[in-house]
Amino acid sequence: MDSVKHLRFDVAVVGAGPAGIAAALAAADSGKSIGLIDDNPAAGGQIWRGAQTEPRPSAKSVWFDRLNKSAIQIVRGARVFHAANGELAAECDDSAVQITYGRLIVATGARELFLPFPGWTLPNVMGAGGLQALLKSGLDIAGKRVVIAGTGPLLLAVAAYARKCGAKVVGICEQTTWPRMVRFGMKMLLAPGKAPEALRFAYDLRGIPHWTDCWPVAAFGNRRVEIVRISRQGQTSEIECDYLACGFHLIPNVELPRMCGCRLQQGFVEVDECQQTSVAGTYCAGEPTGIGGLELALVEGEIAGYAATNWEDRAKHLFAKRARHQKVVGILKDAFPLRSELKNLARPDTLVCRCEDVPHERLCEHSSWRAAKLHARCGMGPCQGRVCAPAAEFLFGWEIDSVRPPVFPVRCSSLAAIPSHTAAPRN
Ligand SMILES: Cc1cc2nc3c(=O)[nH]c(=O)nc-3n(C[C@H](O)[C@H](O)[C@H](O)COP(=O)(O)OP(=O)(O)OC[C@H]3O[C@@H](n4cnc5c(N)ncnc54)[C@H](O)[C@@H]3O)c2cc1C
């Protein structure tokens, strides 16, 4: 059996993205012991991970400078897979880690939503953020033709990044309508702190076709994707490409807060004005409370950090700033609602659950996520439904009504290391 490390913090922060970093730093002002736990080898989350050509290099360096000078203990490469009764269980490469805490701040961010269409399992068809992550880890894409498809501002960020890395971005297929996209652009120009970013994207993406009312219908190729068929304003056409990067906006990572018993509202963690969840002593900041971008994640993190260390006054000073940045949540929601046509992309034999090879037609036989899991093994594979559950929710309108440990696949020895008193009630 692996060794088990035991850690104890006054405040444990799960997720070292912008929200988690801001939360940990605010909490650290109190002089209490703070642990910042993340499953990646380096802090930074989705936006600040890795490379130098980040959208906000100066903001990133200021926050990292503070983090490096702080007494915060960063627990890197630790996947928190279980939470119950005031304890977290995590897995590192060489050990299981048991973490106890006084207060907990969950800042687990978001992930992309993938929707199945014929050919989406071909090599070189990947998430838009997935492509960005590969590029940040050194994927050589120079000269390759890339189509970026789906919805949301992430497509723009990825297109700009891929171009900087030398890719030929053939086009961006955005499923939302042109009027919504124009309104989005105008509102972002007026949103606090967003104008420079919006203008930079306009410059970085100059010359790249950006089609609205457009989405991938199918991908074809022998050993990898070679052609993507798109629907564009009701007409289908085909584009040759080497990569298809595809993401349908973001969904919050709420598995851990759900496991802690935190109440959700419309899929997001419900918090009070101090970012406290329905579970006393458990706070939540960043994307799990609403998809709102970097600035909102940072200020929510700070509020959570102060509130968790009983510095409500400091937290209150940030409420107005948070209210300004919260406008982005509504702007994004209005701009990128998923259109119903996307529900009809999958054919009967299109896989929805890639881990367990469950095609669309097998899911049609069932009336709930639970039944689909029990009878078709949908969501029972290594990703534990992280990919197919949100897709099934959109395609079939099912409520995803349970979350069970482990959140991530882990070694049996890590499971065995969890003391029995931390076992969560079944839901
Ligand atoms: C794939 C992707 C790419 C993005 N790229 C951009 C971009 O280029 N530009 C931009 O402006 N915005 C981008 N965003 C949006 C951006 O992430 C948010 O606007 C904001 O920065 C979110 O901050 P956060 O701290 O809430 O979450 P995140 O930055 O997502 O940080 C959450 C962290 O928690 C970790 N984590 C989650 N669950 C666990 C667990 N159980 N155990 C341990 N660690 C865990 C994650 O690995 C991650 O490091 C991207 C989002 C995604 C999902």
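Visitor: Which residues come nearest to the ligand?
Guide: This is a predicted model in which local features need pLDDT of at least 70 and side-chain atom pairs count only at pLDDT 80 or more, while totals for chains, interfaces and linings use all residues. Residues are numbered from 1 along each chain as its sequence is written, and side-chain values use heavy atoms, with hydrogens and water left out. A residue is near a molecule or strand if one of its heavy atoms lies within 4 Å of it. There are 33 residues around the ligand, and those that come nearest are Ala19, Asp38, Asp39, Val80 and Gln132.

Visitor: Which element gives the most to the shell around the ligand?
Guide: Helices (H or I, at least four residues) and strands (E, at least two) are DSSP runs, numbered from the N terminus. Elements giving two or more residues to the shell include helix 1 (18-28), strand 4 (79-84), helix 4 (128-136) and helix 9 (294-308). With 3 residues, the element that gives the most is helix 2.

Visitor: How many residues of helix 5 are buried?
Guide: Buried means under 20% relative accessible area, exposed over 50%, and partly exposed in between (1.4 Å probe, protein chains only). Leu155, Val158 and Tyr161 are among the buried residues of helix 5, while Gly166, just after this helix, takes a positive phi of about 100°. Helix 5 spans residues 154-164 and is mostly covered, the number of buried residues among its 11 being 8.

Visitor: Which residue of strand 13 is the bridge partner of Pro216?
Guide: Strand 12 (residues 214-220) has 6 of its 7 residues buried, so the rest of the structure largely encloses it. A hairpin through 6 residues joins strand 12 to strand 13. The two strands pair (DSSP finds at least two bridges between them), here in the antiparallel sense over 6 bridges. In strand 13, Pro216 has as its bridge partner Ile230.

Visitor: Is Gln98 buried or exposed?
Guide: Gln98 is found in strand 6 (residues 95-106). Its side chain is joined to that of His6 by a polar contact of 3.4 Å; such a contact is a pair of N or O atoms within 3.5 Å, and within protein one must be able to donate a hydrogen and the other to accept it, with residues adjacent in sequence counting only if both atoms are side-chain atoms. Because the relative accessible area of Gln98 is 12%, this residue is buried.

Visitor: What is the phi of Gln233?
Guide: Gln233 lies in the loop between strand 13 and strand 14 (235-240). This residue is exposed, with a relative accessible area of 52%. Although Gln233 is not a glycine, its phi is positive, at about 50°.
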